[in-house]
Amino acid sequence: MNLRPAIFVFVVALLVRLSVVALLLPQLRPDQNPDFYRELGRNVALGKGFVATAADGRELPDINRPPAYPVFLAALMRIFGDHLGVLLVANCVLAAIGCALTVILASRWLSSGGAMIAGLLTALDPNSVVRVCLVMTETLFTLFLLAGICLLVWRRDQTYAWWLCGVLWALATLCRAIAMWLPLVVLAAALLWRMRWRPVVFFLIGFLPLIGLWMARNASLTGHWFYSLSAQNSTVTGWAARLEAQRTGVSTDVARARLLERTGSLEFFDGREAFEKTEREQAKVIYETLGTKPWRRLPEIVKGTGETLLGPGKRTLEAFLLNPQPAARWRLIVDTAAMLALVVLAICGSLRHPRGLAFLTMLVLYFLALSICSEGNSRYRYPIIPLLSVLAVAACTRTIEPGTDATEPLHNGN
């Protein structure tokens, strides 16, 4: 494999992201702490444990956020201190490695030039570039995800690749709970590739122990075995709050505050009795708002999925800027049009190579299915941009037949 395109894309992606960070850093709030990641990392670095400050000012164990990204931040803080610029530069490096991995992944099916184009599409995606300015887990999550995908598409005939992919995807799950059901994709891929049961077992041997350790931690605190409560929590604060706002005629923020006042939050653990009461109340709210005639939500599902795929992410930095300014309308239109073109080409690439690129298609559909909500969020698009880029380029260039030498592009485009 020719690594020069991957190195070139890494350099381009890193320079672009460092330039954006240098430009925006003076405008960013220095105390940004989205989803408690930074505060969790700081407390881990100080030896306080996996705790953050709840709404009442007390430091409580967090049972909603997975631990990998805060632990990564804690390591950075122990070495360099808790400085926003350092954390964002680390994001730039992680993201640039992810772009390089996109080239390596694409090289399985595309020529060196085509793979480099796929990597550059990922490196220059505006939404992906801007997100390095937030102390959030997407960059680390996507790196682990892509590393595991590369192992399976390049070395799926080797047992060690399945085990190592299991470890990498467990680390990805420890970044974001959305990856919890990736073993189902692995099973589907094994059936697609007509593999025996042995590789799947080795994947699970790599995947389950790390997940089990975190579940055991939660069980020791709460008395209940679970990995993450983010799906239930986000359903209450997202879907349920939006529907309650429509029913009562108040804003979504007001409806969300009222629901949380009624149910409490599952972000922090404040005793087993309070935990069980909150879980019951949230389950009741979800049933009351979503449990009856759920097919009525279909239009909102379609709208939210469209916003996730095509939305320009116009409010990505809004809450974290010292003086937020609305994005230029022309830029939002251009970003949406560019994403629409990428998605259309990706669909064409998937249809053009229904078997060879089926694994990437399954992963895209997996992340779309698990990120369905009433309001789209361009954050959910971040990990699928590399996959869409590979599929899009495959729709336009010569490809390499799966199972052949990756140095011999076919000339008939199959």
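Where is the place of Phe 36? In this model, which is predicted, Phe 36 sits in the loop between helix 1 and helix 2.

Asp 35 belongs to the loop between helix 1, residues 4-24, and helix 2, residues 37-45. The backbone deserves attention here. Most residues other than glycine have a negative phi. Asp 35, however, has a phi near 55°, a positive value in a residue that is not glycine. Phe 36 likewise carries a positive phi, near 70°, and is not glycine either. As for accessibility, Asp 35 has a relative accessible area of 24% and is therefore partly exposed, since that class lies between 20% and 50%. Phe 36, at 23% relative accessibility, also counts as partly exposed.

I now turn to helix 5. Two packed helices are described by the angle between their axes and the distance between the axes. Helix 5 covers residues 112-124, and I will take its contacts with helix 1, helix 4 and helix 17 in turn.

Helix 1 packs against helix 5 at an angle of about 15°, and their axes are 9 Å apart. Because angles under 35 degrees count as roughly parallel, helix 1 is roughly parallel to helix 5. The crossing of this pair is right-handed. On the side of helix 1, the contact is formed by Pro 5, Phe 8, Val 9, Val 12, Ala 13, Val 16 and Arg 17. Helix 5 contributes Ser 112, Met 116, Gly 119, Leu 120, Thr 122, Ala 123 and Leu 124. By class, the contact of helix 1 with helix 5 comprises 10 nonpolar residues, 3 polar and 1 charged.

Next comes helix 4, residues 84-106, whose axis comes within 8 Å of that of helix 5, with a crossing angle of roughly 150°. As angles over 145 degrees count as roughly antiparallel, helix 4 and helix 5 are roughly antiparallel to each other. Helix 4, too, passes helix 5 in a right-handed crossing. From helix 4, the residues involved are Cys 99, Thr 102, Val 103 and Ala 106. They meet Ala 115, Met 116, Ala 118, Gly 119, Thr 122 and Ala 123 in helix 5. Sorted by class, the contact of helix 4 with helix 5 holds 7 nonpolar and 3 polar residues, and no charged ones.

The remaining partner in this account is helix 17. The axes of helix 5 and helix 17 come within 8 Å of each other and cross at roughly 140°. That angle makes helix 5 oblique to helix 17. The crossing of helix 5 and helix 17 is right-handed. Gly 114, Ile 117, Ala 118, Leu 121 and Thr 122 in helix 5 face Ile 385, Pro 386, Ser 389, Val 390 and Val 393 in helix 17, with which they are in contact. The contact of helix 5 with helix 17 divides into 7 nonpolar and 3 polar residues, with no charged residue.

Let me move to the cores. The largest nonpolar core has 113 residues, and those with the most contacts inside it are Leu 105, Ile 149, Trp 169, Phe 359, Leu 360 and Leu 388. Helix 4 supplies the largest share of this core, 14 residues. Apart from this core lies another, of 6 residues, including Phe 226, Leu 229, Leu 266 and Phe 269.

Setting aside neighbours within four places in sequence, Trp 169 touches Phe 144, Leu 145, Gly 148, Ile 149, Leu 152, Leu 182, Val 186, Phe 203, Phe 207, Phe 359 and Leu 363.

Finally, two pairs of residues. Glu 307 is placed in helix 14, residues 298-310. With a relative accessible area of 29%, Glu 307 is partly exposed. Glu 307 and Thr 336 are 29 residues apart in sequence, and their C-alpha atoms are 9.4 Å apart in space.

Pro 326 lies in the loop between helix 14 and helix 15, the latter being residues 329-352. Is Pro 326 buried or exposed? Its relative accessible area is 74%, and Pro 326 is therefore exposed, the cut-off being over 50%. From Lys 314, Pro 326 is 12 residues away in sequence and 7.7 Å away in space, C-alpha to C-alpha.

Key. Residues are numbered from 1 along each chain as its sequence is written. This is a predicted model: local features need pLDDT of at least 70, side-chain atom pairs count only at pLDDT 80 or more; totals for chains, interfaces and linings use all residues. Side-chain values use heavy atoms; hydrogens and water are left out. Axes are lines fitted to C-alpha atoms, for helices over the stretch in contact, and angles run from 0 to 180 degrees between N-to-C directions. Helices (H or I, at least four residues) and strands (E, at least two) are DSSP runs, numbered from the N terminus. Angles under 35 degrees count as roughly parallel, over 145 as roughly antiparallel, 65 to 115 as roughly perpendicular and the rest as oblique. A crossing is left-handed if the near helix is turned anticlockwise from the far one by less than a right angle, and right-handed if clockwise. Contact means heavy atoms within 4.5 Å. Ala, Val, Leu, Ile, Met, Phe, Trp, Tyr, Cys and Pro count as nonpolar, Asp, Glu, Lys and Arg as charged, and the others, Gly among them, as polar. Buried means under 20% relative accessible area, exposed over 50%, partly exposed in between (1.4 Å probe, protein chains only). A nonpolar core is a set of buried Ala, Val, Leu, Ile, Met, Phe, Trp, Tyr and Cys residues joined through side-chain atoms within 4.5 Å.
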